[in-house]
Each structure stands twice: as C-alpha cells, then as structure tokens.
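My entries follow in the order in which I worked.

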Amino acid sequence: MSPKDSASTPALHDWNLDPQAAVQLQKELRERIRLEPLPGPVKLIGGADISFNLYSDIFHAAIVVLDYESLEVVESTYFTQTVDFPYIPGLLSFREIPTLLRAYEQLQQRPDVVMVDGHGIAHPRRMGIATHFGLVTGTPTLGCAKKILTGKFTAPGPDRGDASPIQAGSDTLGYALRSKPKVKPVFVSPGHLLDLAGALEIARHCLRKHKLPEPTRMAHLLVNEHRRRAHDQ
DNA sequence: GCGACAG
DNA sequence: ATCTTGTCGC
C-alpha cells in the first residue's frame with residue numbers, strides 16, 4: 001500500500017506545537033520563502049477559507065478552484081474536524097492550515113496559484129497563513145485579508161483597482177487594494193513562489209462586483225453553506 | 001510600560 | 001470568525 005492514493009504532501013513539520021515553539025518555527029521557515037514571478041500563465045486559481053461557529057472547536061474548510069479567465073468555479077472540496085490550537089494574532093496558520101490541508105489534498109486539479117483568506121508576508125515575521133500554506137504545499141500563494149495586521153499604509157484611490165503599498169520601514173509587504181468603490185480596502189500580499197507585482201495583478205484580475213476577490217469570496221460562501229448544513233442537522 | 005492585534 | 005433586519009447613503 002503506497003502512500004500515493006491521495007495527493008498528500010510530505011509533512012514539512014509537526015503541527016502539534018505550543019505557541020512559543022510555533023513562533024520559533026516561523027523564524028526558521030521564513031528563510032525558505034521565495035518571492036519570484038510565476039513560472040507560467042495562470043489557468044486555474046484556488047481559493048481557501050475556514051468557517052466555524054462562535055465558541056466551537058469544530059472547523060470547516062473549503063478549497064475552490066476557479067477558471068482564471070471566467071472566474072467560474074470548476075471544482076471544490078470540503079473537510080471538517082476539531083481544532084485545539086487557539087486564535088493568537090500572528091499564529092493563525094497553526095490554527096487553520098491543518099484543516100485546509102485536508103481539503104486541499106482532495107482536489108483533483110492543482111491550481112497554479114492559491115488565494116488564502118488572511119495575510120501572506122504582511123506579517124510581523126513575514127509568515128502569514130498564505131505564506132505558510134505555500135511553503136507546506138509547495139504552491140504559489142497570495143493572501144487577501146480584510147484587516148491590516150502589521151505595517152503602515154495610506155488610503156488607496158477611490159476607484160476599483162487603486163492600490164497603495166503596505167510599508168514596514170523600507171520594506172513593501174503588500175498593498176491596500178480598493179476592491180470596490182466606497183468600501184474599505186482589502187490587504188493583498190504575496191505568500192510564496194509569487195512576487196509583489198504578481199500578487200497585486202492576480203488580486204486585481206479577480207475583482208468583480210464584490211469587496212472580496214472571487215476565489216476568496218466563493219470559498220467563503222461554500223464553506224458557510226457546508227457549515228450550516230452540518231450544524232442545523 | 002502601553003497599545004495593537006489576520007481569522 | 002459568527003449572530004442578524006432594517007436602514008442610511010451614494
């Protein structure tokens with residue numbers, strides 16, 4: 001019985017860590033981050049999101065795959081399990097990635113890039129959930145968050161697609177992106193195997209009529225659907 | 001020491 | 001993150 005029947009990724013590291021060890025691990029993993037242009041054109045883009053009921057340790061994860069040109073969902077997977085790692089700002093990946101990974105492994109198609117709900121390198125140690133997910137899966141990733149975690153930014157212009165850099169000292173970590181007029185911006189940053197310009201270009205491409213780019217928006221809708229179905233039954 | 005703090 | 005209807009503003 002070879003361990004190849006499900007497209008699992010060789011474990012990069014243990015997930016059963018305490019917060020102190022998790023911070024130490026982040027400091028080691030950050031050395032492996034590669035911010036570079038994509039190797040080729042994007043045909044498929046993934047979206048990843050987590051959902052759970054308040055005060056519940058039962059997590060629900062969904063991965064969606066969209067055709068990059070039409071932004072139509074062509075595949076989706078779902079997984080649910082209990083989680084014990086607490087929510088600690090800066091350590092979100094240790095709470096959410098294990099469940100996301102189980103959903104990701106069920107995909108029949110490998111997206112060329114995955115958009116994760118949360119930050120990429122726009123993180124105190126440059127190890128946001130999108131970056132961590134990219135390192136673990138070996139896939140290009142970007143983060144799209146609804147709130148800033150670290151760094152400074154000035155308000156982007158008023159039109160859809162307008163962006164302003166997120167700065168940490170002299171480093172640019174990502175962009176505040178006006179995804180929809182009259183709405184607060186979202187925060188986009190590269191995760192892994194993608195560069196700043198690529199992350200911004202992809203996020204812009206995925207904008208439609210809503211605040212959230214399609215991959216993240218679809219993953220959010222889908223995972224909530226699943227959670228409610230599992231809850232009120 | 002104080003305030004901030006993704007989901 | 002999630003619970004929720006209407007309502008104010010462009």
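**Entry 1. Conventions.** I noted that this is a predicted model, in which local features need pLDDT of at least 70 and side-chain atom pairs count only at pLDDT 80 or more, while totals for chains, interfaces and linings use all residues. Residues are numbered from 1 along each chain as its sequence is written, chains are lettered from A and ligands numbered from 1 in the order in which they are written, and side-chain values use heavy atoms, with hydrogens and water left out.

Entry 2. Strands here are DSSP runs of E with at least two residues, helices are runs of H or I with at least four, and both are numbered from the N terminus. Two strands pair if DSSP finds at least two bridges between them. The axes are lines fitted to C-alpha atoms, for helices over the stretch in contact, and angles run from 0 to 180 degrees between N-to-C directions.

I63 has T77 of strand 3 as its bridge partner.

**Entry 3. Strand 8.** I then asked whether strand 8 is enclosed or open, and found that seven of the seven residues of strand 8 (residues 186–192) are buried, so it is largely enclosed by the rest of the structure. Buried means under 20% relative accessible area, exposed over 50%, and partly exposed in between (1.4 Å probe, protein chains only). Strand 5 (residues 141–145) is joined to strand 8 by five bridges and runs antiparallel to it; G143 is partnered there by S189. Strand 7 (residues 171–177) is also antiparallel to strand 8, through three bridges, and Y175 has V188 as its bridge partner.

**Entry 4. Helices 2 and 3.** The axes of helix 2 (residues 92–104) and helix 3 (residues 129–137) come within 10 Å and cross at roughly 45°. The two helices are therefore oblique to each other. Angles under 35 degrees count as roughly parallel, over 145 as roughly antiparallel, 65 to 115 as roughly perpendicular, and the rest as oblique. The contact (heavy atoms within 4.5 Å) includes F94, I97 and L101 of helix 2 and I129, F133 and V136 of helix 3.

I also checked how covered helix 3 is: nine of its nine residues are buried. Among them are A130, G134 and L135. The buried residues pack against helix 1 (19–29), helix 2, strand 4 (113–117), strand 5 and strand 8.

**Entry 5. Positive phi.** Most residues other than glycine have a negative phi. I recorded Y55, with phi near 70°, in the loop between strand 1 (44–51) and strand 2. Y55 counts as exposed, at 82% relative accessibility. L193 has a positive phi near 55° and lies in the loop between strand 8 and helix 4 (196–205). G138, which follows helix 3, has a positive phi near 70°.
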